[in-house]
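Keep the sequence and the 3D view open as you read.

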Amino acid sequence: MAAPSDAKGRAASSVQGLVRELVHQFTDPLDFYRELIQNSIDAESNRISVTLDYKDGRAVAGVEDDGVGMDGRIIDEFLLVLFRSTKDNDLTKIGKFGIGFVSVFAMAPERVQVFTAKNGESWRLDFPSYKHYDKYRMPALRDGTKVELTKAMTLQEYGAFSAASLAKVRYWCKHADTRIFFQDRTSGGPEVPVNEPFELDGAASLRYQEEGTEIVLGFSAEPRPFCGFYNRGLTLKEGEQDFQPGLQFKIKSRFLEHTLTRDNVLMDDNYRKAMAIIARLADRELPRRLKADLVELAQAVGRNPAAEALPQEWARRLPFLRRLFSGRLSRWRRSDWAVFPVLGGKPISLAQVHAAVSAGRGVLYFDAAANRVTEALGRRGLPVLPEGPWVAELAAWSGGARLLRASGALYLPRPLDDQELGSELLGFIETLRRMDADCGAKYRQLLPADFDYPGSSIVDRHFVTSRAPGELGSISDRPRPSLLWLGRERLCALLNIRHPFLCRLGRLHQQRPGLAAYLCLKTMHLSDGEVPPAQGDKFCNLAEKTERRLLESALTIDCTQAHQGGRT
Amino acid sequence: MRPEAKAPERSRPLRGADLEALVQTAARLVLAGRLSRYYPDPYGAAEYLRALAPSARGGVSDQAVLDLATGLPGLKDLVAIQADRAISADFIRQSADREASGAALSQRLQDKLAYYRRLAAVDLPPLTRLELKLRRVDPERGAAFFEAVFDRYDAAEPGFVRYTLNLEQKDRGWGRAFLKRSGDYPRQTAEFRARIEKVAQDDSELAFLLMGQVEGVRVEEVTRGRIGPLWSPWAPAPAGWLPPGAFALHLPLDQASVNLAADRDNDPFATIYRRFLSSESRSLVEAAAAGLGYRVQKDRKFACSAGAAASLRQRLDSGGTRSLVYEAS
């Protein structure tokens, strides 16, 4: 039971008008949570409970702390006096203006009650509206302060109010230094902690602390990275802005203040000092961190280029790397940073990329995964980059190198030993060799080969030519006209033994070896390049001769086969 | 020849289930006590106590030495927890290396690893910490206002203690500054640290008086908050205060402040320092207090185990104090 009323207050009419104005300056009626929690933190609380309940058609929202509370003097001289605060200019407090408490009237509650105690006094204040209050001395002492707002609403409205309340409290208070808990007692749910670690999405790359200030910095791929400003963990402002390209941050500082309207951080000397710290960290500390991060990522990408998260993490750091590599001089100063991944190898630096581009005649190779071609390039000392965001950047930074996908631009079939073939296929290959020899030996060697490897650009071809077996070939090399081999170095022909066309010919070879070999070699000749139109007349006769020799050879082989078949 | 008197027992080792019950209950009571920031960090204190539980220590130790005056573990046991925390990262890394090399961890090592992992994950504040904050600068008065928070675990009377001091320093004192600052950033001087450690030995009034002697410094407020003593079956309450087997944690708070209108003593187990003195000494201290302009208040609240609140409240009421009593579930 309350003791007889100690005091009844009524605000003067001019003050009432001012209060009405102040009440309406809060953009959201639920902003009262932030104001009350701020007061609780300033009251040296270790724990703040936000509770909701629904009784008799009314929602009751409560904010209770275990802080130092208020005595009669503080209530009369500060709580109920506008623009008067016990926290004037106190850098250890968040509140400054002495108007936070009136925010409780923004959602037009039926009643606001305050329970508080200090110095052996215990009080209850009843506010039917912002226009007047009743103050009661209470017999029982208590710890801290509890503020309760009561407002009539339907149960459905209450559900929405509860969800919005939790979202609001989380937004404003997630990084608070003080532990904050939320409980909707009507829903029967447990008390949930509101606090979240002071981290950035995707983890911070740098954490900085000095007395009163904590900063977390991270890299961002967004054109307007995230930034958050907090005072003792209470949100002053969160948003997207390009303070520093490629850099997201959160800063929690007791020196930062909110504006009177609470929707922004006050851009005063302390703000400028805070931003100067961030700029200093971005210039002096973050490049080191970036290098370490990229080296680690580049090593991981080199080992596992298929891991999707790694290039994303690398890309998140790219805008900041671009900033550091933006000028020739700054690139040169960091040209020894081995931060670019290499397929199956150690990361390389920009200087090494320059050297590789020179050695590769202006070409910079990349590929989705390691394969025969990339390994062969590696043996030649040409690094192949995994596919990723670094490829285009490196092409630009290395003076406009031509980018080529290694397995798309080059090919490398693996020659097979005859012993690796089955007897049918071996017979077919031998027939081909014999017919080619009979018809002028266009090819130096006819070899079975495996064309199938990751990224292979020749898996659909039934043969390719090269100077020597196992040598890298280039897709861009023009085919050599089949009729022009006379007087030139003869090439090796490598046959794709898994190609469906060759498999079918292999089966035909069992019945009609001559026809099968003829069809194969004829197709190879046709595929092996056209006679330039200007020389068409000159070689027309030769083409017919070659065709005739192939046919004669085929006929001989098939007749022999038929004869042997007849005998058996 | 007179028989030699047996010295009263000052401490006793506690192990196994007894230690488990003591530290787990103590941790619960600390958190039930609704402590403001004028008290030592309740969450940190609870973590230290829980870390001493044999169930948590993974076989590293199952013993602590209980100080019978305060009913709490001695400083040595808490320092051991800190030392374990300091080596936890190395132990975790070595265990991971061992597992990576294919060596199986014995059950004993696995238990130990779980202890170190938990210790590495919890927020364990230092046992001794001095924090200095600039509150504001008043150019008109030519003064800066500071808040100093000094935490320690009392070695003589084991228990967590926090001193919070609000101090004003005049600009002219900065030639030989007791408190230094650069812009908004205060810096602790060696003299300041030494002084704080010297004055933070007794109650807030004594600390106020001693700190008030520093030239160029005006003390506004000194608050001392404590966690302890703890009444338990092993360090029992005086007869009649608690039912058998119950626990009660004392949470005293005393403050000397220029912002207090009058002295107030609401602590059933302590007296305002000046009232404790002889009339001759008291007049000297009264004069000093008048000069410094402070008043003193003393409070003590309690957190007790379930079923103990009624008897505790009854004794407190009969003693004429209005102490808060929280009953932990």
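Chain B contains nine helices and 13 strands. The model is predicted. Start with chain B as a whole, then look at one of its residues, then move to a sheet in chain A.

**Chain B overall**
- The C-alpha trace of chain B spans about 70 × 50 × 50 Å along its principal axes.
- Chain B has 329 residues, and 39% of them count as buried.
- Take the contacts in chain B with a separation of 6 or more: 69% of these link residues 24 or more positions apart.

- B:Arg135 sits in strand S3 of chain B, which covers residues 129-138.
- B:Arg135 has 19 C-beta neighbours inside 10 Å, so it counts as partly exposed. Being buried takes 20 or more.
- B:Gly33 lies 102 residues from B:Arg135 along the chain, and their C-alpha atoms are 28 Å apart.

**A sheet in chain A**
- Four strands of chain A form an open sheet in the order S21-S22-S25-S23, and the pairing is mixed.
- Strands S21 (414-415) and S23 (463-466) of chain A are at the edges. Each has a single partner strand, so one side of each has no neighbour in the sheet.
- S23(A) runs antiparallel to strand S25 of chain A (residues 492-496), and four bridges join the two.
- A:Ser466 stands opposite A:Cys492, a residue of S25(A).

Notes
Residues numbered from 1 in each chain as written. Chains lettered and ligands numbered in written order. Predicted model: local features only at pLDDT ≥ 70, side-chain atom pairs only at ≥ 80, totals over all residues. Buried ≥ 20, exposed ≤ 12 C-beta atoms within 10 Å, placed from the backbone. Pairing = 2+ DSSP bridges. Contact = placed C-beta atoms within 7 Å.
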